[in-house]
Amino acid sequence: MVSRVVFGRGSFSQLEDIIAPKRLSSIAPFIFLVDDVFEKNTALTSRIPLGYDDKIIFISAEEEPKTSQVDALVEEIIVTSKQRPSGIIGIGGGTVMDMAKAVAIMITNDGEAKDYQGWDLVKNPAIYHVGIPTISGTGAEVSRTTVLTGPEKKLGINSDYTPFDQVILDPELTKGVPKDQWFYTGMDCFIHCVESLKGTYLNAFSESYGEKAYELCYELFLDNNLSEEEGQDKLMMASWHGGMSIAYSQVGVAHAMSYGLGYLLGTKHGIGNCIVFDHLEEFYPEGVRVFKEMKAKHEIQLPQGLCTHLSDTEFDTMIDVALSLGPLWENALGKEWKKIMTRQKLRDLYSKM
């Protein structure tokens with residue numbers, strides 16, 4: 001679990017006090033990985049507490065994070081720092097959260113990021129790393145994975161060393177998120193809940209978090225009678241609870257299939273989950289019904305026909321990526337999942353998207 005968390009409007013201003021005791025020396029910098037959407041936003045960047053050799057590296061979230069990107073960042077940090085950094089601080093959405101976690105791991109582990117895609121392959125503890133989300137829904141601030149697209153697969157570095165040492169949850173930082181992005185990322189959280197609550201891995205620990213996050217999502221996206229500030233606060237907590245629910249169970253069909261879309265077409269995670277989930281009535285009838293209601297209420301139009309012109313080889317690539325995620329399928333469909341989710345069935349589903 002994340003060992004320390006601060007929640008509250010304006011809590012970002014406590015960052016300096018929080019990280020100061022973790023500074024190893026005057027030549028061991030803190031590296032701030034910041035979503036490049038804030039590059040010209042001095043209201044945020046001027047509040048980042050830089051000292052000594054600390055530096056900000058702006059990260060583009062245009063594409064999902066890649067293992068090659070992580071390796072290049074780690075090399076840049078090692079080459080330009082006089083000493084191993086005191087810590088990595090990620091400020092942004094799911095992409096930046098995952099980059100920060102992956103970089104913190106790879107600074108202390110040999111080889112390339114792709115070598116650690118999978119479950120419990122990381123040998124050495126990561127350096128100190130802090131997560132500060134600026135959009136709510138992904139659960140990346142609390143999860144034990146960092147999802148990366150590698151040369152052969154899209155898969156997380158799932159390990160006990162992945163979670164942040166410290167998270168700062170400041171709902172004020174989520175102001176100004178575009179409506180469609182707010183919806184897609186919020187739905188990532190909603191889908192986490194549905195997949196966790198309907199999965200075979202479910203236990204009482206995971207269920208208690210999943211039910212709370214589901215309830216918050218319902219209140220936010222359907223009842224919808226909250227002030228802007230209440231909505232920001234509650235979506236931040238829904239994201240946290242949804243992420244905690246997944247940490248102790250697993251996701252399911254929508255995530256497995258959206259990894260395939262992401263790997264082949266570069267479809268971003270939030271919207272990819274929505275495109276897939278829209279067609280999964282067979283597996284999650286009640287969840288999909290509620291999702292369609294939410295989509296209609298907020299007048300969201302999902303892209304259609306993504307897979308219309310794909311070749312057989314491209315379909316096979318997506319299917320291979322999706323089927324490589326065994327634990328997700330087992331959670332969704334049980335131990336006999338391979339008999340249920342055949343390649344042809346997956347192809348038929350993808351063809352609708």
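**Stop one: the cavity**

The count here comes to 1 cavity of 30 Å³ or more. A cavity is a set of points on a 1 Å grid over the protein atoms alone where a 1.4 Å probe fits but cannot get out; points are joined across faces, edges and corners, and a volume is the space filled by probe spheres set on them. This is a predicted model, in which local features need pLDDT of at least 70 and side-chain atom pairs pLDDT 80 or more, while totals for chains, interfaces and linings use all residues. Residues are numbered from 1 along each chain as its sequence is written, and side-chain values use heavy atoms, without hydrogens and water.

Select I275, D278, H279, L302, P303 and Q304: they line the largest cavity, meaning that each has an atom within 4 Å of a point. The space inside is about 40 Å³.

**Stop two: α11**

Now select residues 312-323, helix α11 (helices are DSSP runs of H or I, at least four residues, and strands runs of E, at least two, numbered from the N terminus). Which residues of α11 are buried? They are F315, M318, I319, V321 and A322, buried being under 20% relative accessible area with a 1.4 Å probe, protein chains only. Show β8 (154-158), α8 (253-265), α12 (326-333) and α14 (343-351) too, which are among what covers them, with contact meaning heavy atoms within 4.5 Å.

**Stop three: two loops**

Pick E299, in the loop between α10 (285-297) and α11. Its phi is near 55°, positive in a residue other than glycine. Finish at D120, between β5 (118-119) and β6 (129-133), with a positive phi of about 60°.

Conventions: Expected span 1.5 Å × (residues − 1). Buried < 20%, exposed > 50% of the residue type's maximum accessible area, 1.4 Å probe, protein only. 1 Å grid on protein atoms, 1.4 Å probe; cavity = no way out; pocket = protein on both sides within 12 Å on 5 of 7 lines; lining within 4 Å.
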